[in-house]
Amino acid sequence: MAIRLNFHHEIDRRMQARRRDPLKLSLFFLGGLVVLMAGFYFYEAERVAGELQGVERRRFDLSRLEARAVQASKLDEEFQKKARLSGTLVERMEERFYWAPFLERLARLVPGEMQLTRISGETHGEDRRCQVSVEGVVGGASPREVAERFRAEVKNAASKLYREAQADFRALEEAPEAADGRHPVVFQIQVQFVAGKELPKPPPPRVKKVRP
């Protein structure tokens, strides 16, 4: 039977002990850990750089949208002003007083012996209170009666069209004698009426209850 002898067993034991050295194993482990940490660091750095680029891009988009929002707000404000102005103009056009119906009715009431010399009028207030001055000359046999009848007819006609109608003489006097020997009458009638809508009445004042 053959006997195997190993004369290098002491050398092999030292080499095996050297391979199992804890310090060397620790260094290998730390080296691998450092490599892993370095790889994780570079991965996180790249990811954070990408996130930062996305944040900057979103900030740029946000600033651009804010500029557009400010511009849109200014445009909206201008449009609102134009709309309010247009609404005011339309309201004034629709709510304005039309003189044509009143003047047409007035012209129909003028008798043949009367001549109107001057008509002036004005409106004021939200309820459109109108004041009209009618001046003229009346001839014929009884000019005062004609002038009085004309005043009454003007008041009656204004009452049918408008509210709170009044027609009063401001002047009624004889003019110089005409060629036929008659004295014509010069008159001035002031007509007042309300042409607009009736304004809402203010609420009654509150009465404080006095406790006994």
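Predicted model: local features only at pLDDT ≥ 70, side-chain atom pairs only at ≥ 80, totals over all residues.

Visitor: How much of the protein counts as buried?

Guide: Of its 212 residues, 17% do. Buried means under 20% relative accessible area, exposed means over 50%, and partly exposed is in between (1.4 Å probe, protein chains only).

Visitor: OK, and what's the order of the elements?

Guide: From the N terminus they go α-α-α-β-β-α-β-β, which comes to four helices and four strands. Both kinds are DSSP runs numbered from the N terminus: helices are H or I with at least four residues, strands are E with at least two.

Visitor: How are the strands arranged in the sheet?

Guide: The four strands form an open sheet in the order E1-E2-E4-E3, with antiparallel pairing. Two strands pair if DSSP finds at least two bridges between them. The edge strands are E1 (114–124) and E3, each pairing on one side only. On average, neighbouring strands of this sheet are turned by 15 degrees against each other, direction ignored.

Visitor: What about E1 and E2?

Guide: They pair in the antiparallel sense over 10 bridges. Methionine 114 stands opposite valine 138 in E2, and isoleucine 119 has valine 134 in E2 as its bridge partner. The two strands form a hairpin with four residues between them, and glycine 125 in the turn has a positive phi of about 85 degrees.

Visitor: Which strands do H3 and H4 lie across?

Guide: H3 lies across E1, E2 and E4, and runs at about 155 degrees to E1. H4 lies across E1, E2, E3 and E4, running at about 165 degrees to E3. For those angles, axes are lines fitted to C-alpha atoms, for helices over the stretch in contact, and angles run from 0 to 180 degrees between N-to-C directions. Contact means heavy atoms within 4.5 Å.

Visitor: Now inside. Which residues have the most contacts in the largest nonpolar core?

Guide: Phe97, Phe102, Phe150, Val191 and Phe193, in a core of 21 residues. A nonpolar core is a set of buried Ala, Val, Leu, Ile, Met, Phe, Trp, Tyr and Cys residues joined through side-chain atoms within 4.5 Å. H3, strand E2 (129–138), H4, E3 and E4 each give two or more residues to this core, and H4 gives the most, with five.

Visitor: Lots of Phe there. How many aromatic pairs are there?

Guide: Rings of Phe, Tyr and Trp (its six-membered ring) pair if their centres lie within 6.5 Å; planes under 30 degrees apart count as stacked, over 60 as edge-to-face and the rest as tilted. By this rule there are four aromatic pairs. In one of them, the rings of phenylalanine 102 and phenylalanine 193 have centres 5.3 Å apart and planes at 40 degrees, so that pair is tilted. Phenylalanine 102 is in helix H3 (residues 99–109) and phenylalanine 193 in strand E4 (residues 185–194), 91 residues apart.

Visitor: And what does tyrosine 162 do with phenylalanine 193?

Guide: Their ring centres are 4.3 Å apart and the planes are at 15 degrees, so this pair is stacked. Tyrosine 162 is in the loop between helix H4 (143–161) and strand E3 (163–174), 31 residues from phenylalanine 193. Ring pairs link Phe102, Tyr162 and Phe193 into a cluster.

Visitor: Why do tyrosine 162 and phenylalanine 193 count as buried?

Guide: Tyrosine 162 does because its relative accessibility is 14%; phenylalanine 193 does because its relative accessible area is 2%.

Visitor: Last one: where's valine 110?

Guide: Valine 110 is in the loop between H3 and E1. With its neighbours within four places in sequence left aside, valine 110 is in contact with Leu116 and Phe150. Its relative accessibility is 25%, so valine 110 counts as partly exposed.

Methods:
Residues numbered from 1 in each chain as written. Heavy atoms only, no water.
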